[in-house]
Structure formats: C-alpha cells, structure tokens
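Here's a quick briefing to read with the model open beside you.

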Amino acid sequence: MTRTTSELDRLAATHFRFAPDTRALVGDNEREVLLARITADQARDPSRRAPRRGLVAVAVIGACAIAAAVVVAGPIEHRGSSTPGGATHPRIWTTAYVVRATMAALANTSHDLVRIQMALSNGETSTFWFDFANGDSRTDVVRAGELNGLSTIVGHVETVVYYPKKEWWTTPPGISALFIDTPKIIEENLANGGFTLVGEQMLAGEETLKLMGKIGDTTEVLWVDATTYLPVQQTDVPSGAGTSTQASFSWSTLTPTSAKLFKLTIPSGFRHVSDR
Amino acid sequence: VSDEEVRSHFERVFREHYDAVLAYAVARADVELAKDAVAATFVVAWRRRSEIPAEPRAWLIGVTRRTLADQRRTRARYVSLTLKLAAQPVAFEDEPDLSEPLADSNVVILAFRRLRPADQELLWLVACEGLTNAEVAGVLHFPRPVIAARLHRARRRFRAALGTDDDAEEDHPASQVNLQPGLLLPIALEDQ
C-alpha cells in the first residue's frame, strides 16, 4: 500500500507527536507480572489439543457460573399473589417474559430520573444521575475517600470540575456521551439476548428477579424489581484482570430540587482552564 | 512444536507488541480501561496461542477492538470521569508556543475531528497503526475491496477537511487555529 501522500503522513506525525508514552503508563515490572500471570495458566491450548477442556481458573469459574445458571434456569414459580395497580403477572416467570417486561419497563417508565450508585473493585465510587426528559446527566466521582470530580452534561455541553487541581472546564461530551444512556444500553443488551433468568432474590426488602448473561469476557448479573421490572442492581465481573463493578439503581421523578443537580456551581478558588 | 517453544513465541509476541496494542487501546479509552483491554487481549492470545499469526499486530488489535466494545457495553452506566480527566486540557499559562509543526498538528486535529468515527478509525488504522488494507480488512471484518473503497473516500474527505488535494497543499499558519494538542484522541468507537 502506498502511504506517501501527505494527509496520512501528517496524521501519523500528529499522532506520534502527542501519543502517550506507553512505557510510562505501564512499566516493565507491571508487564512482566501480567505476562507471568497469563502464562501461569498451564491449561491446554483449546485450538490445538483439548478443545473440550477448561482453560484457566477464571474461565472455569465463569463457565461454571453460566452452566449453573443454565441448570437452574427455567420457569420460576411466582410466589406473589397480587400487584399494585392490578397489573397481572404470570404465575410462572420465564426468561423471555422477564426480559420483555424489563425492556418495556425501561422504554415506558413513568420515572424520569434515575440515580445509579456505582462501586468499583479499585475502590472508586461514583454516583450518576440521568434525566430522561431532557437527557441531562451528572456524575460525582470519589477516589480514596475524597471527592475527585464532578461533571454535568446539559444539552451539548459538558462541564467538569476537577478537585485535585482545583480546575474546571467545559467540553463537548465526546466519547463520554457513549456511556450516558444507561437504561438504553441495558435495553440493548437484553435485546441482544444471552441473558437467562436464574432465580428470585430479596434485595433490601424488595423481591427481585435475577438475570445473568455474558458480555464478551464479562459476566453480568441484573436484578430487576419483580413488580415494576425496572433494574435494581447490576454487577459486572470480568474473567480477566479487569475491574469489577456493582451498581444500584434508584428510580424517581424529576422535581425542582432534583433539577438543581444538573446546574453545577463552581467552587470558589477553582481555576477555569481552557475549554475544549 | 513443543510447549516450551509455543510459550517462548507467546512471550516474544507479548513483549514485542504490548506497546502497540496499549497505544491503540489508550487512543480509545482511559488508561485503566485500556490496560484492562490489553490484559484481556493477551489472555485471549494465550488461550489461542497456536493460532497467533506470524504477523500478529493486526490480529491483536482486532481482539482489542472487540474487547473495548464489550467494555463499552458492560460499563455503559459507569460514566468514568477518568475518560475526561485522562486528556485534561492544558491550563492557559501552560499553553505551548505554536511552532510550525505544532500548528500543522492543530490543523490535522481539527480536520480529523470533523470526520465521521468510521472514517477516523479507518485512517487511524492505516496511518497511525501502519496496517495494510488486508490487515484493516481483518480488523474491521470487511472484505478488502470494501476497505479499499472506504479508505479512498475517507482520505478524500480528510483532504477536503484539511483543505488540500492530492496535488497542492495550503499553508496553515498558526494564527488560523488555536486548538490544544492531544485532541486527536480519543476516537469514539462505532457500534460493532
């Protein structure tokens, strides 16, 4: 392929001028530790020798989890007798029914505000609000017990307040907008299939239905309210070295008070750095 | 081929290509997500170590691309502030002088950001990752002729955005643009 024309060369030159130093991001020691962890798996190469055998411990665990889910999955008898508002529920729940009901609940919910509290295995926590009516959102991130940053996306402008440096700026939402519409993405994941109803569970005194599925290398579990079918809790556990997350959902109606969430007040003493 | 030889080959692949794969991932996600994606990529490579091609970079990038797409789906509700903080804007007082190369970079950044994500990714894979059309076809799972046609159109749109054509380039003095460096990244991944 010919790569002598200027636009590609200019793009490459720009990329390499600003490309991060990957050696600084991940040092030699960290790389060797990772390599050792990966190759410590003595399991056989499935494509070469043992296609039916488990490979690594995490894969085996993940496979067992899914296998267990499949074993116990199936119609689940509904223990409740009546529902608020006279809604009828099937006596026997099935995966298909719960997935459909959850998708419908997400698409048609009368709530217009969801708060998602997120805990990551790396110790970071965040709280996220999403306003369905206007598409506005807010995120508060806490690291090591300290408020690390706030951001709001209102209209097409994202405002970020970064506490460690006492700076703030605005920017087009860019890639972060991909991560905004959580209910929509849950709906898409359910629509893509692969989730199985694995049981009922009481969470904080509420009856929930537990769905389990695989997304790539990650096992995702979603608990939905057994009456409203809205998500109550979600966990993602990657089989590799990735960060696990647990999210809990709280659905409500937007009020004048909650609307103020999306109007950030810049703390005094914070420096406005160049907007992007 | 003995197990030891396979292991040695894998270790060589890991050490030779880790930087390239990490650079690709960091261009599309914050550092922590990128590191997760690269680790997952090499776990896949280890599990499929007898299938690793002789020239593995495009194959590894293809695995990383799918891993990043999965991350997007599983972490969709986690609006990581690191996504924004990883590419923090430069404070006014730290703003560098716009030397001639930097000025050209700003023009490139501006033009690149005007392109559709699909064009961005295609141009990126060719220009920044140095992949051939055939390798790009493997990464994006399209036939090579389709890639060639798309690349042709992407390059034409990029030239138009740059304000250039094949035969003549315009000068873009620093005064015409005032963008911060680093805005080339990250590229939004399209749905898989």
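In chain A, 44% of the 276 residues are buried, where buried means under 20% relative accessible area, exposed over 50% and partly exposed in between, using a 1.4 Å probe and protein chains only. For chain B, 55% of the 192 residues count as buried. This is a predicted model, so local features need pLDDT of at least 70 and side-chain atom pairs count only at pLDDT 80 or more, while totals for chains, interfaces and linings use all residues. Residues are numbered from 1 along each chain as its sequence is written, chains are lettered from A and ligands numbered from 1 in the order in which they are written, and side-chain values use heavy atoms, with hydrogens and water left out.

**The two chains**

- Chain A has seven helices and 14 strands; helices (H or I, at least four residues) and strands (E, at least two) are DSSP runs, numbered from the N terminus.
- Chain B has eight helices and zero strands, so its pattern along the sequence reads α-α-α-α-α-α-α-α.
- Take the contacts in chain A with a separation of 6 or more: 41% of them are between residues 24 or more positions apart, a contact being heavy atoms within 4.5 Å.
- In chain B, 72% of the contacts between residues at least 6 apart in sequence join residues at least 24 apart.

**Nonpolar cores**

- The largest nonpolar core has 58 residues, and B:F42, B:L123 and B:F158 have the most contacts inside it. A core here is a set of buried Ala, Val, Leu, Ile, Met, Phe, Trp, Tyr and Cys residues joined through side-chain atoms within 4.5 Å.
- Helix α2 of chain B (residues 31-47) gives the most to this core, with ten residues.
- A second, separate core has 27 residues, including A:L190, A:A226, A:L230 and A:F249.
- Which residues does B:L123 contact, leaving aside neighbours within four places in sequence? From chain A there are A:L8 and A:L11. From chain B there are B:F112, B:L115, B:C128, B:L151, B:A154, B:R155 and B:F158.

**Helix packing in chain B**

- Helix α3 (residues 57-74) and helix α7 (residues 133-140) of chain B have axes that come within 8 Å and cross at roughly 30°. Axes are lines fitted to C-alpha atoms, for helices over the stretch in contact, and angles run from 0 to 180 degrees between N-to-C directions.
- That angle makes α3(B) roughly parallel to α7(B); under 35 degrees counts as roughly parallel, over 145 as roughly antiparallel, 65 to 115 as roughly perpendicular and the rest as oblique.
- On the α3(B) side, the contact uses B:A58, B:I61, B:G62 and B:R65, and on the α7(B) side B:E135, B:V139 and B:L140.
- α7(B) also packs against helix α8 (residues 144-162) of chain B, at about 105° with the axes 9 Å apart. That makes the two roughly perpendicular.
- Here B:N133, B:A134, B:V136, B:A137 and B:L140 of α7(B) meet B:R144, B:I147, B:A148 and B:L151 of α8(B).

**Buried spots worth a click**

- A:V114 sits in strand β3 (residues 113-120) of chain A and is buried at 0% relative accessible area.
- A:V114 and A:F249 are 135 residues apart in sequence, yet 6.7 Å apart in space, C-alpha to C-alpha.
- Not counting residues up to four places away in sequence, A:V114 touches A:F128, A:W129, A:F130, A:F132, A:P183, A:F249, A:S250 and A:W251.
- B:T41, in helix α2 of chain B, is buried too, with a relative accessible area of 0%. Setting aside neighbours within four places in sequence, B:T41 contacts B:V21, B:L60, B:V63, B:T64 and B:T67.
- B:L131 is in the loop between α6 (117-128) and α7 of chain B and is buried, with a relative accessible area of 1%. B:L131 and B:R57 are 74 residues apart in sequence and 8.6 Å apart C-alpha to C-alpha.

**Positive phi**

- Most residues other than glycine have a negative phi.
- A:A204 has a positive phi of about 50° although it is not a glycine. A:A204 lies in the loop between β9 (195-203) and β10 (206-215) of chain A and counts as exposed, at 82% relative accessibility.
- A:Y229 also has a positive phi, near 65°. A:Y229 is in the loop between β11 (218-225) and β12 (231-238) of chain A and counts as buried, at 5% relative accessibility.
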